[in-house]
Amino acid sequence: IYTFESFLSIRLIVDSRGFYIKIGGKEKNCLLPLVDCCNFAFYSQLSSRGYFDEDSQEYTVKSLTKINPGEQIFLNYGPFSNTSLLLHYGFVLENNPYDQIAIRIEPPSQPIQQKQLDLLERFNIGFDHCTSLIHPKPYRLVNFLRILSMDEIELERDYSFINHMDFVSDRNESEVYVILRNVFTCLLQSNEDYLSCTEDWSECVKLARLHVRCTASILQNALQSLQEKD
């Protein structure tokens, strides 16, 4: 019997175990028995996900080191955030160097001036950003807020290159960092509220809580970086 639940189950198998390989010049998502049994490790023996040889009809994965009989074979799935790992593979890594938090800054209540929109378009800066342990104050996010915080006088200056916005004014910089603190603090409070009110301890919720704790660490690190700025 085909049900929506069975469809989801099968789809999750394909999403979590599929390998994108080129066949006939086109990239296709395929299931590869045995290869898909490899668990994740940052420092894995396998060099990559491998490649498919159309002439021999073989899929090859090379090892960077000697593998002894009976030794478990690991594969690094790639530079994924914990959100991606949880969504596609069902696990979360503490101290994941690739972890990040998506941040969307909603447009301000007052209309954005055309000059501000022109600057955002010139430097290809949108409203969607992220912060991570490695980059707690993303350059594009800071410049995005600098543009939105510019007054009439600041907007009249020449910003031919993006490094012209490394510093706009004391007033502008202060406003930018106030906004960043508010954004990071609100997100952190939301995480802490979830951790304090969740009483379900099923395996799924344990993973969700670990994910939230990792997210909180990123936000705490971001707030610490702002204090160092002061």
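**Pocket, cores and rings**

Colleague: What kinds of residues make up the lining of the largest pocket: how many nonpolar, polar and charged?

Modeller: In this predicted model, nine of the lining residues are nonpolar, three are polar and three are charged.

Colleague: Okay, and what's the volume of that largest pocket?

Modeller: About 230 Å³. A total of 15 residues line it, and those nearest its centre are Ser16, Asp36, Cys38, Tyr77 and Tyr89.

Colleague: Which elements give two or more residues to that lining?

Modeller: Helix H1 (4-17), strand E1 (18-23) and strand E3 (39-40).

Colleague: Switching topic. How many residues are in the largest nonpolar core, and which have the most contacts inside it?

Modeller: That core has 30 residues, and Phe144, Met150, Leu180 and Phe184 have the most contacts inside it. Several elements supply at least two residues each, among them strand E7 (100-104), helix H4 (139-148) and helix H6 (170-197).

Colleague: Now the rings. How many aromatic pairs are there?

Modeller: Eleven. Take Phe40 and Phe91: their centres are 5.7 Å apart with 45° between the planes, which makes the pair tilted.

Colleague: Where do Phe40 and Phe91 lie?

Modeller: Phe40 is in strand E3, while Phe91 is in the loop between helix H2 (82-89) and E7, so this pair ties together parts 51 residues apart in sequence. Phe40 counts as buried, because its relative accessibility is 14% and the cut-off for buried is under 20%.

Colleague: What about Phe127 and Phe144: what sort of pair do they make?

Modeller: Edge-to-face, because their planes are at 75° and anything over 60 counts that way. Their ring centres are 5.1 Å apart. Phe127 sits in the loop between H3 and strand E8 (128-132) and Phe144 in helix H4, 17 residues apart, so the pair links distant parts of the chain.

Colleague: Phe144 again! Buried or exposed?

Modeller: Buried, with a relative accessible area of 0%.

Colleague: Last one: which residues do ring pairs link into a cluster?

Modeller: Phe40, Phe42, Tyr77, Phe80, Tyr89, Phe91 and Tyr98.

Technical notes:
Residues are numbered from 1 along each chain as its sequence is written. This is a predicted model: local features need pLDDT of at least 70, side-chain atom pairs count only at pLDDT 80 or more; totals for chains, interfaces and linings use all residues. Side-chain values use heavy atoms; hydrogens and water are left out. On a 1 Å grid over the protein atoms alone, a cavity is a set of points where a 1.4 Å probe fits but cannot get out, and a pocket is an open set with protein on both sides within 12 Å along at least five of seven lines; lining residues have an atom within 4 Å of a point. Grid points are joined across faces, edges and corners, and a volume is the space filled by probe spheres set on the points. Helices (H or I, at least four residues) and strands (E, at least two) are DSSP runs, numbered from the N terminus. Ala, Val, Leu, Ile, Met, Phe, Trp, Tyr, Cys and Pro count as nonpolar, Asp, Glu, Lys and Arg as charged, and the others, Gly among them, as polar. A nonpolar core is a set of buried Ala, Val, Leu, Ile, Met, Phe, Trp, Tyr and Cys residues joined through side-chain atoms within 4.5 Å. Buried means under 20% relative accessible area, exposed over 50%, partly exposed in between (1.4 Å probe, protein chains only). Rings of Phe, Tyr and Trp (its six-membered ring) pair if their centres lie within 6.5 Å; planes under 30 degrees apart count as stacked, over 60 as edge-to-face and the rest as tilted.
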